[in-house]
Amino acid sequence: MKKLLQGNPLYSIFTGTCPVCQKASMYETKNPYKLSETLKMHERCPHCDTKFKIEPSFFYGAMYVSYGVGIAFAVAAFVITHFFIGGGLVAGFLAIIGTVLIFAPIIMRLSRNIWINFFFDYNSKKAESPSKTS
């Protein structure tokens, strides 16, 4: 299944792998709930040597993406609470607050993954080259 999805930006977005080779993780720690390390990224891809931060303050643009991703999570929480569970507006509001707080580290990483995939494309040659040794 991994081979079928590789090469698609969605693979990089949902796995947090390098958008160019999709082999190595962009993040130093896989667990987004280690809050002190949620946004710590490698400077370069350990596999293909792609520089992730292509300019100073590059990931500020991810804040705009984060807003949209947060809204998607909030709408999903409200729809599930209101229509499937049968809660009222207050329950829906509390579900939105809880969901956004609980999923904040995932929303932040997902937003960065989406943002970086706007600027980099998958390169099968870099993906197939042997891993960098330095």
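**Figure 1. Overview of the chain.** The chain holds 6 helices and 0 strands, where helices (H or I, at least four residues) and strands (E, at least two) are DSSP runs numbered from the N terminus. Along its principal axes the C-alpha trace spans about 55 × 35 × 25 Å. Of the 134 residues in the chain, 37% are buried; buried means under 20% relative accessible area, exposed over 50%, and partly exposed in between (1.4 Å probe, protein chains only). Among the contacts (heavy atoms within 4.5 Å) with a separation of 6 or more, 60% are between residues 24 or more positions apart. The chain exposes about 8,500 Å², of which carbon and sulfur atoms supply 66%; accessible areas come from the Shrake-Rupley method with a 1.4 Å probe, and for residues only the protein chains shown count as cover. Residues are numbered from 1 along each chain as its sequence is written, and side-chain values use heavy atoms, with hydrogens and water left out. In this predicted model, local features need pLDDT of at least 70 and side-chain atom pairs count only at pLDDT 80 or more, whereas totals for chains, interfaces and linings use all residues.

**Figure 2. The buried side of helix 4 (residues 89–102).** Helix 4 has 14 residues and reaches 20 Å from its first C-alpha to its last, close to the 20 Å expected at 1.5 Å a residue, the expected span being 1.5 Å times one less than the number of residues. Gly-92, Ala-95 and Thr-99 are buried in this helix. They cover an arc of only 60° around the axis, which puts them on the same side of helix 4; the arc is that of the directions from the helix axis to the C-beta atoms. The buried residues of helix 4 pack against helix 3 (62–85).

**Figure 3. The exposed face of helix 4.** Turned away from the buried side is a face that carries the exposed residues Val-90, Phe-93, Leu-94 and Leu-101. Val-90, Phe-93, Leu-94, Ile-97 and Leu-101 make a nonpolar surface patch of about 540 Å². Patches are made of residues with over 30% relative accessible area and no salt bridge, with like charges joined within 9 Å and nonpolar side chains (Val, Leu, Ile, Met, Phe, Trp, Tyr) within 5 Å; a salt bridge is a side-chain nitrogen of Lys or Arg within 4 Å of a carboxyl oxygen of Asp or Glu.

**Figure 4. The covered helix 5 (residues 104–117).** Helix 5 is mostly covered, with 10 of its 14 residues buried, including Arg-109, Arg-112 and Trp-115. Helix 2 (9–15), helix 3 and helix 4 are among what covers these buried residues.
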